[in-house]
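Hi everyone, thanks for coming. Today I'd like to walk you through a few side-chain pairings, so please have a look at the screen.

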Amino acid sequence: MTSGVIDLRSDTVTRPTAGMLAAMASAETGDDVYGEDPTVNALEEQVADVLGHEAALFTVTGSMANVLGVSVWAAPGKEVLCEAEAHIVRAEQGAHAALNGVTTRTWSHPGGLVDLDAVGRMMVPDAGPYLVSTAAIAVENTHNFGGGSVQPLADLRALRALVSGTGVRLHLDGARLFNAQAATGVSVKEISAPFDTVSICLSKGLGAPVGSVLAGPADAIAEARLRRKRLGGGWRQAGVLAAAGRYALDHHVERLHEDHAHARLIAELVADADNAVVDPAGVETNIIVLNVGESAQRLVAEARAAGVLTGMVGPGLVRLITHLDVNTAQARKAGEILADLIRTP
């Protein structure tokens, strides 16, 4: 990346810190396919403990973790319910259908939040011999395309009560779950408690170069491990990557509130008088979605020329994400540049 460029396309663009690189270089390793990499094993045990689940599995990506988490509950021909802008249906290349024969039905809600009434109407645990039966419900927290929104804990608990006794399982796409913790003060363990399986991403806000982790019951994780190998996701001396994840969990969780403050700063600088472009009060975490209408492509191109990288996430919508490699001065500069471009015809 060219020096001086402020990259707000995603929090996946972070680079390992010096401390993280040192941890990777000194990692003890083994063959993870044989279950013999001590650093991978330690990471999986750490994540399982932090999330309050029995076991965990280290995967190369969040998409793989979600595919595995859904597939252990939803057999081919079954369906998973989720919000219409959820990552599993918008940004995982149709993997759940293409690889596992799982269909989806969606509800739509502002911010990508759970709509308990809609879920209650849609859910059909046993649809009989002619229709599709609901096997699982997936929730994203925080919700990426919903602008980094945080799912209310009361709704997650109500969702658990709704499916109780039905056989329908709950999967949490928690790629940015630690951002939800930072925004609310509610622990990731408490947020995870209503769910059967939970995925977290280490390479987004936490700043690791690679990796996600799926957590859940021991038998489900054992099955996911077999499915990971079938997908070509078994890896060998993965401890060098697991060490980065462990470092991220130990050193980069407490600082996430800084990214949230930087996102609000950008939103405040960009917001116009009637908050039509963005309402700073609605920026809960590290994601800002600007509603700039027909000027979206122009804004992305001109911002790039001015040294600020952004991305379109829908018609008229430009997304910005703050992260470990963006400091306060850079956030302010980016906000000022974007504000000038938006207000210039």
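I'll talk about some salt bridges first, and then about one aspartate. Keep in mind that what you see is a predicted model.

Let's start with the overall count: there are 15 salt bridges here. I'll pick out a few of them.

Please find Asp 31 and Arg 236. Their side chains meet in a salt bridge, with N to O at 3.2 Å. Where do Asp 31 and Arg 236 lie? Asp 31 is in the loop between α1 (18-25) and α2 (38-51), while Arg 236 is in the loop between α10 (218-230) and α11 (239-251), so this pair ties together parts that are 205 residues apart in sequence. Asp 31 has a relative accessible area of 15%, and because buried means under 20%, Asp 31 counts as buried. Arg 236, at 39% relative accessibility, is partly exposed.

Now move to Asp 32. Asp 32 forms a salt bridge with Arg 228, and the closest N and O atoms are 3.1 Å apart. This pair also links distant parts of the chain: Arg 228 sits in helix α10 and Asp 32 in the loop between α1 and α2, 196 residues apart. Are these two partners buried or exposed? Arg 228 is buried, at 2% relative accessibility, and Asp 32 is buried too, at 1%.

For a pairing inside one helix, look at Arg 298 and Glu 302. Their side chains form a salt bridge at 2.7 Å, N to O. Both belong to helix α13 (residues 296-305), and because they are four residues apart there, about one helical turn separates them. Arg 298 is partly exposed at 27% relative accessibility, and Glu 302 is partly exposed at 32%. Elsewhere, salt bridges with shared partners join Arg 160, Arg 169 and Asp 196 into one network.

Last stop: Asp 11, in the loop between β1 (6-7) and α1. How buried is Asp 11? Its relative accessible area is 0%, so Asp 11 counts as buried. Which side chains does the side chain of Asp 11 make polar contacts with? One is that of Arg 176, at 2.7 Å, and another is that of Asn 286, at 3.1 Å. Leaving aside residues up to four places away in sequence, Asp 11 touches several others, among them Ser 203, Lys 204, Gly 205 and His 323.

Notes: Residues numbered from 1 in each chain as written. Predicted model: local features only at pLDDT ≥ 70, side-chain atom pairs only at ≥ 80, totals over all residues. Heavy atoms only, no water. Salt bridge = Lys/Arg side-chain N within 4 Å of Asp/Glu carboxyl O. Helix = DSSP H or I, 4+ residues; strand = E, 2+ residues; numbered from the N terminus. Buried < 20%, exposed > 50% of the residue type's maximum accessible area, 1.4 Å probe, protein only. Polar contact = N/O pair within 3.5 Å; in protein donor to acceptor, adjacent residues only side chain to side chain. Contact = heavy atoms within 4.5 Å.
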